[in-house]
Amino acid sequence: MLVSQYLHQLKLCARRQTSFSTIKKLHARLIKTGIAQCEPFPNTLIDLYGKCGHVDHARQLFDEMPHRDHVSWASILTAHNHANLPRRTLSMFLAMLDIDGLHPDHFVFASLVKACACLCDVRLGKQVHARFALSQFRDDDVVKSSLVDMYAKCGLPDDAYAVFHSICSKNSASWTAMISGYARSGRKLDAIGLFKRTPFRNLFSWTALISGLVQSGNGVDAFYLFIEMRREEIDIVDPLVLSSIVGACANLAVLELGKQVHGLVIALGYESCLYISNSLVDMYAKCSDIVSANEIFGRIQQRDVVSWTSIIVGAAQHGRVKEALALYDQMVADGIKPNEVTFVGLLYACSHVGLVDKGRTLFNSMVEKYGIRPSLQHYTCFVDLLSRSGHLDEAENVTNSIPFELDEAIWAALLTACKDRGNTLMGIRIADRLLSSKIEDPSTYILLSNVYAGACMWENVSKVRKLMGAMEFKKIPGYSSIEFGKETQVFYAGETSHPMKDEIFNLLKELDADMRRRGYVPDTSSVLHDMEHQEKERQLFWHSERLAVAYGLLKAIPGTVLRIVKNLRVCGDCHTVLKLISSIVKREIVVRDANRYHHFKEGKCSCNDFW
DNA sequence: TTAGGGTTAG
């Protein structure tokens, strides 16, 4: 075989991500023929191993090279980026300067910028940008495209646009990076505006726009754009946009639409793609159809950490804690290494049922066995578990040892537990701490006020009230939606204009009377405003989830599960009411609120009154 | 040899 033929074959392997054994065979033939050490084979081999995901082999070849040039360095840096090891990319770059005394070229700059983007390290990214701007490669458009992506990923879309604007000859990659940057940053109109102007209206730019909007929580807009993309008959030659649109169904908790998208996925032949299967597992779990989620999960041939984590988190969110923990054991037995998301799900599951020892073991194993540094979310879950289970001193010690700036949520969790457990001293200590910091959540003020009132500290109660009065709370209107068949009805709190309002009111009144006979007393402690007790009760009576449940009871096929999605968290009183209603009418009611899932059945809730 | 679009938590 000729040298050029070997080179051609190596490049083909890199593009096709050929199997490790094939690459090794080809490499062996190159060694046998004696050309493995001849230019440009050493660099081409590093590139090949790197692109096919064998960074260690690439590194071995690199270390054994007697002479390394710019291409060798660019190839090994790219290989580390490819293996998602951006810190190594940056540390190796320092070695490039120190050991080989080489200055970065445009290929190296592109790798460095990509590593900074991966780490969301804008400080370092700006240093690289400055060095690039002073170099002879400052007009390179490829590096500029990677800078656009870096600034956008670091949450600086305006800086991204400044670089984008300076690109002389913008190609599909530069446009896609900028559209994606705007969309991910939540700059919906800018993203759509730019998309309308791009001369590259292809699957890449459509995917960038739609996925970015899904990621920034604009699922509805993403869906309409997806429909427009289908109308334009864009050939969906890869499944990337589909995994995002499945994700949009998950975020919006729209089961019927999710099923239709699943149908499309099957029709286009992508059901067995791992990204797609994983997003389907998550979608069905989030749409409260945990049975279908399990079915999809069961059919995945090669499950990765995301597949396992999705089903573990799904089980945990639906209150199936034993199942979540058993799945974790199975995952570890299958040789899959858990990641930081897996542990958020597991700690959350333990909190649900007060499994303190298990939670402690998992938290420690995350650090000691898997080398994962706990994030604020992990600490919040762990402190929540400890404090809810009455281990208040330990919870406070852990909180004080957290190496981050603490947020309101973690203190509020601890304070709630102090109040519930009657630990007044610690409660006051934490309340004082909270009072001296910035509070944004109105419910934290209510909590503080209740704690001080419980300790008869009236001066502080009035201080909290004054602070509350001075704050302008953004009042988000509460609404609940209920779906059956192809119909979706949305109810807003206090809505009195619905065509069936009289029937809904009468049914709620009947149910209220029945509940009161069973000992129900409305709990108005979560109502924020100063008003008469009766008025507070009236407000609770018109909470949107109750309207949706009543409508569902009147309209849905008898015996079917009522599935409701609420934009805010279910209040304590509605939670009690929904438990009672499930028992009175003997129906299962599933509510997905802003935080979690509640399966109300026979007077109980799957969340174990944990929310 | 370098750049752009996808899944899990919060």
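These are my notebook entries on a predicted model of a protein with DNA strand B.

**Ground rules.** In this predicted model, local features need pLDDT of at least 70 and side-chain atom pairs count only at pLDDT 80 or more, while totals for chains, interfaces and linings use all residues. Residues are numbered from 1 along each chain as written, chains are lettered from A and ligands numbered from 1 in the order written, and side-chain values use heavy atoms, without hydrogens or water.

Entry 1: I looked up which residues surround DNA strand B. There are 47, and the closest are Asn171, Ser172, Gln215, Asn278 and Lys286. I call a residue near the strand if one of its heavy atoms lies within 4 Å of it. By class, I found 17 nonpolar, 20 polar and 10 charged residues. Here Asp, Glu, Lys and Arg count as charged; Ala, Val, Leu, Ile, Met, Phe, Trp, Tyr, Cys and Pro count as nonpolar; the others, Gly among them, are polar.

**Entry 2: which part of the strand?**

**Entry 3: single atom pairs.** I looked at N or O atoms in side chains. Asn171 has one 2.4 Å from a base nitrogen of DNA strand B. For Thr176, the distance to a base nitrogen is 3.0 Å. Lys51 has one 3.0 Å from a phosphate oxygen.

**Entry 4: helix and repeats.** Helix H13 (residues 203-215) gives the most to the surface near DNA strand B, with 6 residues. Helices are DSSP runs of H or I, at least four residues; strands are E runs, at least two. Residues 202-236 are 74% helix and 0% strand, with end C-alpha atoms 10 Å apart. Residues 339-374 are 75% helix and 0% strand, with those ends 11 Å apart.

Notes: Polar contact = N/O pair within 3.5 Å; in protein donor to acceptor, adjacent residues only side chain to side chain.
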